[in-house]
Amino acid sequence: EELALCFSKLEETDVSPDELDKIMADLDRNHNGKITKADFKTWYLHSEQHVRGQIRTVFNKFDANNSNSISQDELKLMLKEVVPSLTTEEEVEEAITDLFQDDTDELSFDDFAEWYFKSTYFEKQTKRVEMEEEPLTLCETLSPPPNAGFLGYIKYGILFPLVFTLALTIPDVRRKSVPGKMCYVAFIFSIGWIGVYSFFMVGWAETVGATVGIPSYIMGLTFLAAGTSVPDLLSSVIVARMGEGDMAVSSSIGSNIFDILVGLPLPWLIYILYPNDYNIVEIGADGVWLSILILLGMLVFIIVAIHLSKWKLTKRLGITMFFFYILFLVQAVLRAELAK
């Protein structure tokens, strides 16, 4: 009854009892007949059914003859309200071309809704809503996830030391009570904590490698490289899903260039400038020059492969890159075994 009252205040049309039962079943995860405000807010803002209802309201406003279809001129006016991120005439014309591919004069509501939910504009607006939502409080951030299950609680226990240190020391600039200038402090603290975490990660990786008999540079090529590349992977996937393919590729390439030209020489330079008896840094990894030559060969291969794919990242190209990465790992392990 309270859920129905909420919808009566939020929606212009009534929600049927069957729809209410379905929504309640989706949100009531612990089956106690109650849902929290945070769960309802998250569902309501991201529910496709809710967004579809909002689009229907706007669609009906521009459907002058109530034919459940609109013309190109009516679509131009509606796009300005439904997709405000379309600011240029070129973007509007491109959207119209995508929607009127069959040389039809009218566009139905179902066809427009299907196009909208598959478009990058819907993802961008969803991302904007998530950014505008009020972030969790400190207690909510440190609390275990409700109804997470056994694996969820294991993940919570593993990540708790990281979440605890970050939540207590880094100001959350997403909050309205925190000044925006604190973002610089948050950035510096974040870099500092990354250095601390990396120090322990490298030590633990060397210990694990020594225990199971894996050389340190093999651990760096595999486990450490994969672990440090996960943030690049996630950021590339996010921007790629937003339609920014160039940004996804340049982010990966730029990250590796930064690691080589800044991440390596900067600590070496600090080590040399620090008052001590050393004026050089010796590279202690065996076979590093051969690895560098292989890296250069991989870069040439990637450029040639992307060129042969007509500068499009296809599934076949992705599988090919995975295959060559596996070959790279195999040859690194074989070289380590033959060097013994």
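## Overall composition

The chain comprises 16 helices and two strands. The model is a predicted one. Of the chain's 340 residues, 21% count as buried. Among contacts between residues at least 6 apart in sequence, 51% join residues at least 24 apart.

## The largest nonpolar core

In soluble globular proteins, nonpolar side chains tend to be buried together. The largest nonpolar core in this chain has 22 residues. Within this core, Leu75, Met78, Leu79, Val82 and Phe112 touch the most other members. Two or more residues are supplied by each of helix H4 (48–62), helix H5 (72–82), helix H6 (89–99) and helix H7 (109–118). The greatest contribution is that of H7, with six residues.

Leu79 belongs to helix H5. With a relative accessible area of 1%, Leu79 is buried, because the cut-off for that class is under 20%. Leu79 and Val92 are 13 residues apart along the chain, and their C-alpha atoms are separated by 7.6 Å.

## Packing of H6 and H7

Two packed helices are described by the angle between their axes and the distance between the axes. For H6 and H7, the axes come within 11 Å and cross at roughly 120°. H6 is therefore oblique to H7, since the range for roughly perpendicular axes ends at 115 degrees and roughly antiparallel requires over 145. The crossing of these two helices, H6 and H7, is right-handed.

On the H6 side, the contact is made by Ala95, Asp98 and Leu99. Asp111, Phe112 and Trp115 contribute from H7. By class, the contact of H6 with H7 has four nonpolar, no polar and two charged residues. Phe112 is also one of the core residues that touch the most other members.

## Packing of H11 and H12

Helix H11 (residues 182–212) and helix H12 (residues 216–241) have axes that come within 11 Å and cross at roughly 140°. H11 is therefore oblique to H12, because an angle must be over 145 degrees to count as roughly antiparallel. The crossing of H11 and H12 is right-handed.

H11 takes part in the contact through Met201, Val202, Ala205 and Gly209, and H12 through Met219, Leu224 and Thr228. By class, five nonpolar and two polar residues form the contact of H11 with H12, with no charged residues.

Asn68 is located in the loop between H4 and strand E1 (69–70). Most residues other than glycine have a negative phi. In Asn68, phi is near 60°, a positive value in a residue other than glycine. The relative accessibility of Asn68 is 35%, so this residue counts as partly exposed.

Ser108 lies in strand E2 (residues 107–108). Ser108 is likewise partly exposed, with a relative accessible area of 23%. Not counting residues up to four places away in sequence, Ser108 touches Phe59, Asn68 and Ser69. Ser108 and Asp63 are 45 residues apart in sequence, and the C-alpha to C-alpha separation between them is 9.9 Å.

Note on methods
Residues are numbered from 1 along each chain as its sequence is written. This is a predicted model: local features need pLDDT of at least 70, side-chain atom pairs count only at pLDDT 80 or more; totals for chains, interfaces and linings use all residues. Side-chain values use heavy atoms; hydrogens and water are left out. Axes are lines fitted to C-alpha atoms, for helices over the stretch in contact, and angles run from 0 to 180 degrees between N-to-C directions. Helices (H or I, at least four residues) and strands (E, at least two) are DSSP runs, numbered from the N terminus. Angles under 35 degrees count as roughly parallel, over 145 as roughly antiparallel, 65 to 115 as roughly perpendicular and the rest as oblique. A crossing is left-handed if the near helix is turned anticlockwise from the far one by less than a right angle, and right-handed if clockwise. Contact means heavy atoms within 4.5 Å. Ala, Val, Leu, Ile, Met, Phe, Trp, Tyr, Cys and Pro count as nonpolar, Asp, Glu, Lys and Arg as charged, and the others, Gly among them, as polar. A nonpolar core is a set of buried Ala, Val, Leu, Ile, Met, Phe, Trp, Tyr and Cys residues joined through side-chain atoms within 4.5 Å. Buried means under 20% relative accessible area, exposed over 50%, partly exposed in between (1.4 Å probe, protein chains only).
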